[in-house]
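Reader: I want to know what stands behind each label. Please set the values against the cut-offs.

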Amino acid sequence: MNLNQFEKRAEVFREEMLREYYQAMAGLKEHLEIAPIYERYADLFAEDTVRWLLGQRQDKRGRYLAELATMGYLEQRVKELTEAITNFILKATVEWDGEEIPYQTVQPRIANEPVMERRHELYARQRAVTAQSNDRRAERFQAMYNAAQELGFTDYTTMCDQLEDLHLAWLTEQMQTFLARTEQVYVEQLAHYLATIGVPEDKADISDSLYLFRAPHFDGLFPAERMLPALRATLSGLGIDLDSQEGLDLDTEPRPLKSPRAFCAPIRVPDEVKLVIKPIGGQNDYKALFHEAGHAQHAVNTAAELPFAFKRLGDNSVTEGYAFLFDNLIRNRHWLREVLKTPDCEDYVKFSRFHKLWFLRRYGAKLLYEQELHAGVKDPASRYTEILGNALKVTIASERYLEDVDDAYYVAQYLRAWIFEVQMRRYLEREYGSTWFTKPAAGRFLMDLWRQGQRDNVVELARQMGYEGLDLEPLTEELLNF
Ligand SMILES: [Zn+2]
């Protein structure tokens, strides 16, 4: 197999996987069956293929293909454990109010439970179930550490850092500064918002944050029936006609098994991209739709002639950055006024800024913690409690110390995307004004970026916009502004 053959076959593999995910999540199929697909394409992730590709990292395309094969190889090595954990979670239940409720539905229940003591109790019962999967999760990570070392990397962290070009040392230093600089503002805002839901500061835990951020009193600003028209109007402002985009299929058909959260399945880029929605309304549903619409626009505007490695692989912070640019509109007062015609939105704008500050502090802390975890720190469960507790100033229970960790430092991809998004947004505001989303010229600028797929990483894209590279300053300033 040469590089071209590997790339072609990897593209078909990705297409089959995404089609399977799309059908299962859109409610067109009852079960997700990915094991047979992995089996058919096992040659892509065989150890000798991975070793050969790791030697082909002289240019971007080689690096991106090597990353795909290596991560796929690691997934293959732990697939039985992944399946066992997923099946355990799918079957698990929690006893509540005299009935057994599915583990997967506990979180929305907590978010909608107005009585603090009941939230805390339900959360404790959920964690007791989570803890039962921890041995298997620890075993799964250990197997990935071993695989990384067998492939010749110093350790798992170094492997992710090198293959994904994450610059973890730089990012870590930046996030430590960010946590220190935003601490005071965060503490004040947290006290204010906890008081609004009647939770004493020394009693607050994660379940209270779920309830706080559910914020049903803002639902009225975001009615279900205006979701899709708001998306259409936004795109139309940028000179994009959602309904005439070739390659984009908007799936709005109601089906009982359809995922309640919007998602984008870029099955073939750019000519078969699905944007699937089941409108419920509320800020979180709007955010999810706009986020996924950002992914969809990126995919459907990607140049067809690019090699697969540049269309679909490379730096995922790029596509997350475009998705964040769109979901951030939901908290943009100009957008709320212009597009959603909401004159009175200041409370929401402030609230949602605090929500973002919470998220950034949580992810910054996760970045610190995940490096300790993967380095084999003694008693990682208590380090999880300490590091996240220090950042969030609420009680952090230890049971989720492994469940709360995504593979391959996706936490870093998100952080890079958040940083990049604000830089890109500032650029759009400077060039096209604060209502850039109503300017077709801004749309053309974005389409030029989207056309490049993920060939360039967020650092290179920031440089193309005149920055020296990624810069946390604009994001920090934005989140200090209460
Ligand atoms: Zn995303």
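Author: Two strands pair if DSSP finds at least two bridges between them. Strands are DSSP runs of E, at least two residues long, and helices are runs of H or I, at least four, numbered from the N terminus. This is a predicted model: local features need pLDDT of at least 70, side-chain atom pairs count only at pLDDT 80 or more, and totals for chains, interfaces and linings use all residues. Residues are numbered from 1 along each chain as its sequence is written, and side-chain values use heavy atoms, with hydrogens and water left out.

Reader: How do you know that β4 and β5 pair?

Author: They share five bridges, in the antiparallel sense. At least two are needed, so β4 and β5 count as paired. C264 stands opposite L275 in β5.

Reader: What makes β3 and β4 edge strands?

Author: The open sheet runs β3-β5-β4, with mixed pairing. β3 (248–251) and β4 (263–268) each have a single partner strand, so one side of each lacks a neighbour in the sheet.

Reader: Why is C264 called buried?

Author: Buried means under 20% relative accessible area, exposed over 50%, partly exposed in between (1.4 Å probe, protein chains only). C264 has 15%, so C264 counts as buried. C345 has 1%, so C345 is buried too.
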